[in-house]
Every structure is written in C-alpha cells, then in structure tokens.
Amino acid sequence: MQPLKQSAISTVIVIDALDECKDEEPASAILSVLGRFVSEMPEVKFFVTGRPEPRIREGFRLPLLVRATSVFVLHDVEFNQVNDDIQRFFKHKFLEITRRRPGLDDWPTKEQLDLLCERAAGLFVYAVATVKLLDRKNNDPRRQLDLLLRSPDSSIREGKTKVTANTTLDLLYMSILQEAFGDDDPEDDSMVRSVLGAVILATNPLSPSTIAVLLDFHTTDVFLHLSSVHSLLILQEDISHPVRPFHKSFPDFIVDPARCINPRFQISPPDQHLELLLSCLELMSRSLERNMCKLPEAVRNSEVDDLKERREKYINHALQYACGSWHKHLTNIHIAHRAEITSSLHHFLEKKLLCWLEVLSVLGNVRAAVDALDIATGWLKVS
C-alpha cells in the first residue's frame, strides 16, 4: 500500500481467478485486506474476477468493500452479444490456422461454425479448448473438426435443448480424452490417471520431469500422455516447466463421476491422494540422507553463500515437493487405507526424520514440519 500511496500513479491492478486461491477463510482474505486499505489509495483501481463461491460473495459483502465496489455479473450479459464475440474469436483463430496450413480452403463451413458457437453456449473456455484441439501438431484440423461435430456423445443440438451449464464442456472434454486415449492399450489407463491426477491434485504445479521422478515413471511417457491432452493443459516443450490445467473447469469435470462418466479417465481424489502420499514417502525414504547439500559442519544456513545453488544441485524438485507436501495428501485419504499408510509412515519417521528436518531447514520451510507432524498425529489418532 505504501509505494502505491506515495507514487500517486494512476494504476489498475488485475486479480484474475480469485476463486482459484487456496483460502479457508469464510470471506476471502484478499478481499478482506482490500476492504481495509482500498479507500486510502484513490489513484488505484482493482479489477477482480472469480466465480461466485461463498467466501468470495461474503468478501464483497464486507461493509468496507460494499461502498467501494461495483459488481458485474458476467452471466447478465446478453447471450447474443457473447455469441457474437465467440463467433468472432472462432473466425479469427480459424483464419490463423488456414494461413499456416495448406489444403484448408473454405474451411470451416458456415454450418460448422454456427454449430460450434451453439455448442460453446456462451463459454469462451469451450471455444479456446476447441481451437487448441484442432491446432495440434501432426493433426488434420478438417478431419478433427468433422470427428468432433459428429461425435455420438455430442450430436445433440445443445443450443436448442435445455442443458446444464456444464453440458457442452463435459461433452468436449470427453471427446478430447476419448480421441487422445481411446485406441490406446487399456493397460496404460492407470498411468494416464496417475499423471493427470498429479497435475490436478498436487499442492503446487509440477513439471513433467518432476511428476516422472515422483511417481517413478519414465519422463518420456509422462510428457507423451500430457501432450495427448495438450488442449486441456498449459504445457511447455520444456519438460522442467510446471504444467497446469488450462481452466479450473477441467479438474472439476474429471473428478466428478456424474460428469466424467467414462471410468477410464475419471480421477478418484482419495485414490490419487493415496498414490501421491505413498510416492512421497517412498521417495523420501529412498533418497534422504544426512547433509544432502554437503554443507560444512556446524554452519548456519545464512552463512552459506551458495546455499541456493546447493539446493538445486543436490535436492531435486520431486524430493523438494515430497518433503514439503506429503502431509497435505494425508488429509484427503479414506481411513480404509490406514494399514498401508501407517507402515510407510512409520518407516519414514523412524529412519529419515532427522534427514527430513534438515532438508526442510535448507529449503527454508521448517514450518512444514510442524504442520506435517500435527496432521500425522491427528490422522493416527483417528485411524
């Protein structure tokens, strides 16, 4: 607040997708703080977007924010106006594709474009995911669009029928998953679920290489599976770059058995949290050792000039994640798995406790040890 007040520069700060913040407060913590200070920064405007979850609605109802806020409900926009924007977006993106790829004259047809707009049902995320699907490398856009529009599961003219808000997205997501993995060996299904589960349920975004080390897969296989559903993810060519869902609607879809009706692709959060927890415990039990960063004896972290470089060299990102996040998966697991978890947890705490504490110290995250042991103690009492 102080720099913004003192500079007196007219500023707009955009906070996008506030609903994706991890926040357990009854009213959004960010909105609560804004309510206290926004009146002291007259030259600064905040543009906040988010789905109307209860804690966000409560945040905007705080007395200090009510007077300073204008609320705009996106769904109140005229449908025809949104539809025109989506059609304009489709035309622009398809023109880009046809300029880069030969053999796409007079594509798509007006009928195809109208049907795509109809199925988008006012959702830009549908339009973006569709374009990303059609523009994949080594993919024939004309054939892919034909398959998408005549898919048996999506043949309903959604715009002319009563549908839920999720219907068109669900059909698109299922089509993409079916196209990506439908003809693959069903034996790969468990790996696909494990990899997507790590993307969806990890406490912070992980890279393909980190997921591979954590789950004990080959990096090439992990990247191949993620590339198959590239249109649903933010995925870079660099395997060390974190991957994340393109839009929160995909995680919402794939963990809901009422929406993701094909069990081959459905993610069960308790099962995947169990796999992630056991993978973390196994990796720590296998990899942790005394003085991993090869520090001089009896030295403070603050006295080591190259501590950051040592961390990166000796503690890989998968092990960093395991040390700081294993306990967060423990809270999301069914009690039925207690015997397997208790055995792995006991072995880890008996053999590697001090090594784990040392790594957390080097990572500057000792607080995680307090939280982890508190959660573990509570879980063991209940179990």
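**Packing around a tryptophan**

Biologist: Which residues does Trp 356 touch, leaving out those up to four places away in sequence?

Modeller: This is a predicted model, so to speak: local features need pLDDT of at least 70, side-chain atom pairs count only at pLDDT 80 or more, and totals for chains, interfaces and linings use all residues. Residues are numbered from 1 along each chain as its sequence is written, and side-chain values use heavy atoms, with hydrogens and water left out. Taking contact as heavy atoms within 4.5 Å, the partners of Trp 356 are Met 284, Leu 288, Cys 323, Trp 326, Phe 348, Ala 369, Ala 372 and Leu 373.

Biologist: How do helix 17 and helix 18 run relative to each other?

Modeller: Helix 17 covers residues 338-362 and helix 18 covers residues 367-382 (helices are DSSP runs of H or I, at least four residues, numbered from the N terminus). Their axes come within 12 Å and cross at roughly 160°, with axes being lines fitted to C-alpha atoms over the stretch in contact and angles running from 0 to 180 degrees between N-to-C directions. Angles over 145 degrees count as roughly antiparallel, so helix 17 and helix 18 are roughly antiparallel.

Biologist: Is Ser 285 buried or exposed?

Modeller: Ser 285 sits in helix 14, residues 269-287, and contacts His 347, Phe 348 and Lys 352, leaving aside neighbours within four places in sequence. The cut-offs are under 20% relative accessible area for buried and over 50% for exposed, with partly exposed in between (1.4 Å probe, protein chains only). Ser 285 has 15% relative accessibility, so it counts as buried.

Conventions: Helix = DSSP H or I, 4+ residues; strand = E, 2+ residues; numbered from the N terminus. Parallel < 35°, antiparallel > 145°, perpendicular 65-115°, else oblique.
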